[in-house]
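Here are my notes for you on how the two chains meet and what surrounds the ligands. Keep the structure open beside you as you read.

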Amino acid sequence: MAQKVLMKGNEAIAEAAIRAGCRHYFGYPITPQTEIAAYMAKKMPKIGGVFLQAESEIASINMVYGAAAAGVRVMTSSSSPGISLKSEGLSYIAGSDVPALVVNVQRGGPGLGGIQPSQSDYFQATKGGGHGDYRMIVLAPASVQEMASLTMKGFDLADKYLMTSMILADGTIGQMMEPISFEDAEVNTYEKPWALTGTNCQRKHNVVNSLYLKADELEAKNIERYERYAIVEENEPMWEEYMMEDAEYCVVAYGIASRVAKNAVVAARAEGIKVGLIRPITLWPFPKKALLAAADKVKSFVCVELSMGQMIEDVRLYTECKKPVSLCSRCGGMIPSPEEVLEAIRKAQKGEN
Amino acid sequence: MAVVFQKPKSLADVPLHYCPGCPHGIIHRLVAEAIDELGIEGKTIGVAPVGCAVMAYDYFTVDMIEAAHGRAPATATGIKRSRPENIVFTYQGDGDLASIGMAETVHAAARNENITIIFVNNAIYGMTGGQMAPTSLPGQVTQTSPYGRDVNHCGWPIKVSEMLATLEGPEYITRVAVNNVKNVLAAKKAIKKAFQNQIEGKGFSLVEVVSACPTNWGMTPQQALKWVETDMLPYYPTGVYKDRTAAKEAQE
Ligand SMILES: Cc1ncc(C[n+]2csc(CCOP(=O)(O)OP(=O)(O)O)c2C)c(N)n1
Ligand code: SF4
């Protein structure tokens, strides 16, 4: 078994990216993801890679666009306000079908918000952010180990489906230190015949582009892209179920909120409440099937998140409103205590949700 | 029989969509000729802008990418840093390069990013139908300055070459024009040098080409060329604004 090392969440992302073969990082400083850039700045020059601090998030995502089009594994990282600026580029990257990895270590918003952990960019990550019909694969780590393994997975999925993979983390997991192991995960390489390499005067020129002035062509392109998205929705949802076998109540939470929720579930079980947890690991594709199956089993759901209630809309949607869903949330950088979540579970049991 | 003129290899055999008399066609040809003559067609990667030249990706036969509005220097940076052995150029208008993309332009220059930029200054937003550009002249009538550009209200035109030449970073900044044969020949030389610099690893080279937009200037192509001479060039004089290598050689 691979050796365990003690690492900060943000550093785990950076190290995992390097192990996944990423040699190009473009970014702009923002709290609370700074360690990723610092790690890359130190490591990349030593291994023949590129770390470049761009003049803005807009520039950095467009550098990512260029590098992705050139066929290399490339990433950027930022936090909420920076992701807003990157949204333009995310739309172009989606419209051009090139792969990239983008990390959002979320902080509180809107506006400049705060620098404490948050999950209030769920809508932005899963429903768009940029303009146009597009999707990103959104991976939500709940531990430092997952910061690493989902980063490696994210690069693979991006290359496989020609999409952006977003790591949607939060300030707590970013700063947290835990022992992790870099499983000797094999790194797949993908042919990129579409990449800009120079024609070498051997082939017709490659064009990476998101412009289609003819309406029927643009529509066809979007339909083709959504056929690919449908495959992702079929094959790639990931989630964890905890104590769900006999559960009568189901807590739904991801990332840092799921860790608090897990403690509350254990405490509720001690009180004799049959409650379990579903933790989405991919927020897009959302683990619809797991939620719908649970909806036929449990009496009600409690959605725990660090926002005014964003994922709860998907929980309602994919449980087809078969059972009541209540919200237990804090925001602005506040984190609900296990007692608050326990109280929400008790209320669910009493049918007060 | 000797061939005296033929279409450059790097230019595709397709009809260009530009208006009659638009210098974009001439500038495309100059870029393609430079690429051909330097023998870099197989390793060149071009970055098209948002503007009238948006479909340049269909016109050049080299690998191409279409960048977001103003972001071409950043996109080019990403490509060049991934494939330093390739030759990377951007082709941008004044709205693209000097308004929305000013930060990307200045910082690519400051980094002496080893890329080549062809900057087409036609003092107007062509593609969107003739709005005021950062380079529109004082008093110039456009769709969004219908009473003439009032510098007290919306500021002064930006002289991009002069401004970039104040930076330590860039290797080569020059302004040329394409309003007559003599100027076209000089423009060709400058464009070729801007690519040659990149081949030699010298760094950021930008050629500002004073162009024209007969359609949105509301002029015939002949009138437009005249206006370039009488109004544009006095405000935007041609010349070499920075040439680090030449300056160093002169010092030695
Ligand atoms: C983000 C964004 N804002 C605005 C536009 C609309 N737009 C398209 S072309 C253009 C101006 C182009 O002018 P210029 O760069 O001077 O090039 P020209 O058309 O004159 O060659 C604008 C504003 C856009 N496509 N994207
Ligand atoms: S609108 Fe102006 S710049 Fe655009 S193609 Fe026509 S003449 Fe040329």
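1. Let's begin where the chains touch: 33 residues of chain A are in contact (heavy atoms within 4.5 Å) with 34 residues of chain B. A:E55, A:L196 and A:H205 supply 20% of the area that chain A buries against chain B, more than any other three residues. Buried area is the accessible area (1.4 Å probe) that two parts lose on being put together, summed over both. For chain A and chain B it comes to about 2600 Å², with 58% on carbon and sulfur atoms.

2. A word on the source: this is a predicted model, in which local features need pLDDT of at least 70 and side-chain atom pairs count only at pLDDT 80 or more, while totals for chains, interfaces and linings use all residues. Residues are numbered from 1 along each chain as its sequence is written, chains are lettered from A and ligands numbered from 1 in the order in which they are written, and side-chain values use heavy atoms, leaving out hydrogens and water.

3. How many salt bridges cross the interface of chain A and chain B? The rule (a side-chain nitrogen of Lys or Arg within 4 Å of a carboxyl oxygen of Asp or Glu) finds three. A:E88 forms a salt bridge with B:R71, where the closest N and O atoms are 2.9 Å apart.

4. Now look at which parts of chain A face chain B. Helices (H or I, at least four residues) and strands (E, at least two) are DSSP runs, numbered from the N terminus. On the side of chain A that touches chain B, β2 (24-27), β3 (50-53), α3 (57-69), α4 (80-96) and β9 (207-208) each supply at least two residues. The largest share, eight residues, comes from α3(A).

5. β9(A) pairs with strand β2 (residues 63-66) of chain B in the parallel sense, over two bridges. To find the spot, look for A:V208, which stands opposite B:I65 in β2(B).

6. Next, visit ligand 1. There are 16 residues around it (a heavy atom within 4 Å), and B:C52, B:D94, B:D96, B:G126 and B:M127 come nearest. A backbone N or O atom of B:D96 lies 2.8 Å from an oxygen atom of ligand 1, and a backbone N or O atom of B:G126 also lies 2.8 Å from an oxygen atom of this ligand.

7. Finally, ligand 2 has residues including B:Y18, B:H24, B:C52 and B:N122 around it. Helix α9 (residues 214-217) of chain B gives the most to this shell, with three residues.

Conventions. Pairing = 2+ DSSP bridges. Polar contact = N/O pair within 3.5 Å; in protein donor to acceptor, adjacent residues only side chain to side chain.
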